[in-house]
Amino acid sequence: IMKTLTKAGFLISSIWIALISIIIFTNKKGLSDLELNAWGDFLAGAVAPLALIWFVIGYFQQGKEIHIQGEQIKRQADLEAEKIELTKRQERPHFEYIDCSRGNANTPILIIRFKNTGGLARNITVYDFGNNKEIIPNHVSIEKGGISQINLEPGSYDNLPTLVSLSYQDKHDIPYSHHEVLGEDPIKNNFFFKSMKKTVPIEEQ
């Protein structure tokens with residue numbers, strides 16, 4: 001559009017200058033008798049349309065440039081937001097199930113080990129809904145590469161699997177949770193640690 005306007009501006013300007021030149025050439029005698037103030041009025045009238053044409057073209061040109069700059073700033077902001085989101089995803093904790101083992105015969109304890117292959121996980125809390133009690137976590141925080149465990153005390157292995165909630169925050173204070181069953185079944189245990197969900201704070205609900 002701007003190229004078309006510029007071309008139109010040059011075309012109209014050329015035609016207008018040609019017309020003014022013809023007027024001057026065909027009215028040499030009359031123009032030579034004009035006083036200075038009349039010459040000023042004539043030149044002002046001759047130049048004013050050109051000034052108006054290029055003022056309008058410049059106005060649209062400036063608007064186009066502002067629009068382009070706005071788009072560039074928006075794209076830059078979107079890229080920065082994507083970089084921040086990517087960084088947060090890379091720093092997000094990621095738990096992987098390792099194995100489980102039984103305790104001694106006198107005390108039915110199921111030890112479930114898992115590894116953090118993602119970013120820092122902190123403020124870890126565990127709750128066993130099947131037995132209605134909070135479980136003291138093996139670690140309150142787990143760095144990347146760290147191994148921890150959940151010690152279930154079901155009272156009897158017949159009470160497994162049990163519904164368990166595992167909650168924690170990442171380094172940016174974003175809360176996450178796992179809310180599924182845990183027991184001796186590796187498939188269910190794998191699913192538990194893969195079922196991470198971002199928790200929405202109460203004030204944002």
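What follows is a walk through this chain, from its overall outline down to a few residues worth a look.

First, some ground rules. This is a predicted model, in which local features need pLDDT of at least 70 and side-chain atom pairs count only at pLDDT 80 or more, while totals for chains, interfaces and linings use all residues. Residues are numbered from 1 along each chain as its sequence is written, and side-chain values use heavy atoms, with hydrogens and water left out.

Let's start with the outline. The C-alpha atoms fill a box of roughly 125 × 30 × 25 Å along the principal axes. The radius of gyration is 39 Å, whereas a compact globule of 205 residues would come in near 17 Å; that radius is taken over C-alpha atoms, and the globule rule is 2.2 Å times the number of residues to the power 0.38.

As for secondary structure, there are 4 helices and 8 strands. These are DSSP runs numbered from the N terminus, with helices being H or I of at least four residues and strands being E of at least two. Reading from the N terminus, the order is α-α-α-β-β-β-β-β-β-β-α-β.

How much of the chain is buried? Of the 205 residues, 22% count as such, where buried means under 20% relative accessible area, exposed means over 50%, and partly exposed is in between (1.4 Å probe, protein chains only). The accessible surface comes to about 13,800 Å², and 60% of that belongs to carbon and sulfur atoms; the areas come from the Shrake-Rupley method with a 1.4 Å probe, and for residues only the protein chains shown count as cover. If you take contacts (heavy atoms within 4.5 Å) between residues at least 6 apart in sequence, 55% of them join residues at least 24 apart.

Now for some individual residues. His178 sits in strand S7, residues 175-182, and is buried, with a relative accessible area of 0%. What does the His178 side chain pair with? Its partner is the side chain of Tyr168, through a polar contact of 2.7 Å. A polar contact here is a pair of N or O atoms within 3.5 Å; within protein, one must be able to donate a hydrogen and the other to accept it, and residues adjacent in sequence count only if both atoms are side-chain atoms. Beyond its neighbours within four places in sequence, His178 is in contact with residues including Phe95, Leu166, Phe192, Phe193 and Met196.

Ser148 belongs to strand S5 and is also a buried residue, at 3% relative accessible area. The side chains of Ser148 and His139 make a polar contact of 3.0 Å. Leaving out residues up to four places away in sequence, Ser148 touches Ile112, Arg113, Phe114, Asn138, His139 and Ile142.

Finally, the backbone. Most residues other than glycine have a negative phi, and most peptide bonds are trans. Where does this chain have a cis peptide bond? One joins Leu160 and Pro161, with omega about 0°, and Pro161 is in the loop between strand S5 (147-152) and strand S6 (162-169).

Two asparagines show a positive phi. Asn123 has a phi near 55°; this residue is in strand S3, residues 122-128, and counts as partly exposed at 38% relative accessibility. Asn132 has a positive phi of about 55° too, but its place is the loop between S3 and strand S4 (133-135), and Asn132 is exposed, with a relative accessible area of 58%.
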